[in-house]
Amino acid sequence: MGRNTRKRRTPLATKAIAASAALALGGGGLVWANYYASAHESNWAQNSTKAAAAQVATITCPDVGQQLTTVPSRAKNQVATELATLDRQITEAYARLASTRQAQANDANFVQNAILGPLKDKRTAVIGRIKIDLNRVAATAPSSIDGLAACTGTTAAQTTAGGQNNGQNGKNNNGQNNGQNNGGQNNGGQNNGGQNNGQNNGQQAGNGGQAGNGPTAADFVDITKVQPNVAAKPQKNGNASTGTFTTLCGVNANKNHNTDNVIVAPGVTNGAHHLHDYVGNQKVDAFSSNNTFLQSGTSCQNKNDLSAYYWPVLRVQDGTQDFDQNALGGGKEGNVGRILVAKQAQIKYVGSPTSKVVAMPQFLRIITGDAKAFTNGPGNANAHWSCTGFENKVQLTDKYPICPQGSNVVRTFAFQSCWDGQNIDSANHRTHVAFADAGGNCQNGFKAIPQLTMRLVYNVPAPVVQNGQVKNAFAVDGFPEQLHKAITDHDDFIAVMNGGLANKIANCINTGQNCR
């Protein structure tokens, strides 16, 4: 996902982590050695560390979909299919990057000539087809997409230092997070000489995660060492809508999973390239329609709530595998480890501090966060990680928390709460909704709607960071080239409500009631 200019971001002063470990992400966790130096040279370890830092660890491609702010309905399916093709091409290119480390060592131009060059040609062809699809319905593609074919390589040093995340934080469940995050330091020590000593409890010594594409030690922080960074909520005025509506939909104990994304890639199998948990509506896949949603059952206690709530699964990389270890979207695309089921999943709608809310329209789609935030940058990032007992003090966007004993990992989402009043979706799935400003007000004529908030609590074995390595890491599923970064966490929602439920939610919130 790309940038939403309506979304206000505030500073998060993350600190760069020194790229002292010899990392090679994506290559089965293998350490990148300097193949041009002899083993007996006195500076071998130093040279191999430098080579590791310079190695291309992942592929960064411009997000074409986010530039397509207007796509006529008659071209929507064709364009969505082409955008999914772009995602598949990046996935295939990343897989080639990960499997050709020896060739890259022998030829400094290999990545450009054998991977990035052909990828640009393929993307150019797809962008051309998108322009044709739009021309057929008398629409014109933005001229900017012509320059989006070329992709670049991101080095291991850049990924260790936080990659494309320039330090801006998202929003937390209780309003804007205006504080500074001082927890980005890697306290796990250095990799002594960059030697690859084999596997350790399922973690690769190259520190590239169990599948070789993350997470790394630098992606974790001891939450007890992070300074408080949660700001006060916006002040409420006399017109505030102070009620709440909670819907109880379970934790996906029945294991309703797939790797589709009906919002972004309708009609495309494995369009997400990672596994989702689904609660609420029970018939959500790439081929679902609004009629399908209405005919489905729901996991929610309120049977009028047929809404779809779904998010990427969380896994612990402890050396085990799960049912999808040989499947696309699972192990074949770097999403490995044991799937964790949340012990709690709270879904609550809340109001605005400055106005009453209008009911959500039927079939409204909202995506919060960005599954590609590591390569796109933080413009649409809305990940929030914390631990029980710390949620009102510390929220992390680009780090996974290591929680103290007795504390659980918490993922929090606060969806966009302003709607344009007309559209249930937009071409880039962003511009029909927006976040309120720092004072809690909707801008540009947008209307306040009930804000969907979600809180997922997990009993996660605490990772151990030692000597620049991480054991028993946990991570969200994601596109393989995103390296399982914490900043890529995201959540999806489709409003499907019967029996006047949408109006009931708005009324409860506007009248200050706490309803279920």
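This is a predicted model: local features need pLDDT of at least 70, side-chain atom pairs count only at pLDDT 80 or more; totals for chains, interfaces and linings use all residues.
## Ground rules

Buried means under 20% relative accessible area, exposed means over 50%, and partly exposed falls in between (1.4 Å probe, protein chains only).

Residues are numbered from 1 along each chain as its sequence is written, and side-chain values use heavy atoms, with hydrogens and water left out.

## Counting the disulfides

A disulfide is a covalent bond between the sulfur atoms of two cysteines. To spot one here, look for a pair of cysteine sulfur atoms within 2.5 Å. How many disulfides does this rule give? The count comes to 5 disulfides.

Number the bonded cysteines along the chain, and the pattern of the links reads 1-2, 3-4, 5-6, 7-8, 9-10.

## Cys-249 and Cys-300

Let's start with Cys-249, which is joined to Cys-300 by a disulfide with an S to S distance of 2.0 Å. The link has 95° about the S-S bond, and it is right-handed. This pair connects distant parts of the chain, 51 residues apart. Cys-249 sits in the loop between strand S10 (244-247) and strand S11 (257-258), and Cys-300 sits in the loop between helix H6 (290-295) and strand S13 (308-312). Those labels come from DSSP runs, numbered from the N terminus: helices are H or I with at least four residues, and strands are E with at least two.

Are these two cysteines buried or exposed? Cys-249 is buried, at 2% relative accessible area, and Cys-300 is buried too, at 0%.

## Cys-387 and Cys-403

Next up, a disulfide joins Cys-387 to Cys-403, with 2.0 Å from S to S. Here the angle about the S-S bond is -85°, and the link is left-handed. Cys-387 belongs to strand S18 (residues 385-387), while Cys-403 is in the loop between strand S19 (400-402) and strand S20 (409-414), so the pair ties together parts 16 residues apart in sequence.

Cys-387 counts as buried, with 0% relative accessibility.

## Cys-508 and Cys-515

Back to Cys-508: its disulfide partner is Cys-515, and their sulfur atoms are 2.2 Å apart. With -100° about the S-S bond, this link is left-handed. Cys-515 counts as buried, at 11% relative accessibility.
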